[in-house]
Amino acid sequence: MPGLILYDYWRSSAAYRVRLALGFKGLEYGCVPIDLRKGIQGEPGYRGVNPQGLVPALVVADAPESPVLTQSLAIIEYLEEVHPAPALLPADPLGRARVRAAAQVIASDIHPINNLRVLRYLKSPLGHTQDEIDAWARHWMIAGLSALEDFAHRHGGRCVYGDSVTLADICLLPQLYNARRIHTDLAGFPRLLAAESHVAKLPFTIVAYPDEGMTAT
Ligand SMILES: N[C@@H](CCC(=O)N[C@@H](CS)C(=O)NCC(=O)O)C(=O)O
């Protein structure tokens, strides 16, 4: 049995962050697909793993009592502490604070209000049309990406922060994947697109890329 087991969904951007972090650190892991389209995340079996009914969850199967970790950023910070090299956070406290801030623009400010359950709630019971829901999602996407573009102008190099891959890039790639799914105009984000294009060429990103084939297992 692998030492790490990821409860995953191919299109989940939060799970995609964790796949990227695992790949960046060269960690082997097993996968349990949770099909969000079929509502498996709300079933008692999965609620037993993550009572919040969200993916990802990571089981540390080779630790005593096989603890379950939830929340993508907490999972990635755990991996960073247990497997510090290669690092996803800069060595200096100021750099770490900045990279965490960039990651939270995505993980705290964009993603939660554009999540599946939120968009479904806008449709029912609130009764919004699909056009209104898409406009909502794009509005918050652009607001967050604009802040991140500004961050990359101030602090970026080849990556969102400096020239090395950090947690900020690990959050950016899945969010741009989501942005394209809802047809967001990305022309106003040249620094983010450049960072994405640089990081997406690195081999660890290829395995992590959303692949529907994983739901078949
Ligand atoms: N803050 C959480 C967010 C997790 C989350 O919202 N996951 C989404 C997929 S990206 C999910 O499981 N959604 C299921 C639903 O909305 O029913 C994290 O970073 O792990």
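1. Domain bounds here come from an automatic or database domain assignment. For the protein chain, this assignment gives domain 1 (4-86) and domain 2 (93-203). The model is predicted: local features need pLDDT of at least 70, side-chain atom pairs count only at pLDDT 80 or more, and totals for chains, interfaces and linings use all residues. Residues are numbered from 1 along each chain as its sequence is written.

2. The C-alpha centres of domain 1 and domain 2 lie 20 Å apart. Eleven residues of domain 1 are in contact with 13 residues of domain 2 (contact: C-beta atoms, placed from the backbone, within 7 Å). On the side of domain 1 that touches domain 2, α1 gives the largest share, seven residues. That side divides into eight nonpolar, two polar and one charged residues (nonpolar: Ala, Val, Leu, Ile, Met, Phe, Trp, Tyr, Cys and Pro; charged: Asp, Glu, Lys and Arg; polar: the others, Gly among them).

3. The ligand is surrounded by 15 residues, the closest being S12, L54, S72, L116 and R117 (near: C-beta atom, placed from the backbone, within 6 Å). Two or more shell residues come from each of α1 (13-24), α3 (72-82) and α5 (116-123) (helices: DSSP runs of H or I, at least four residues, numbered from the N terminus). Both domain 1 and domain 2 give residues to this shell, so the ligand lies between them.

4. Helix α4 (residues 93-110) packs on helix α7 (residues 167-181) at about 30 degrees, with axes 7 Å apart (axes: lines fitted to C-alpha atoms over the stretch in contact; angles: 0 to 180 degrees between N-to-C directions). The two helices, α4 and α7, are therefore roughly parallel (angles under 35 degrees).

How values were computed: Angles under 35 degrees count as roughly parallel, over 145 as roughly antiparallel, 65 to 115 as roughly perpendicular and the rest as oblique. Two residues are in contact if their C-beta atoms, placed from the backbone, lie within 7 Å.
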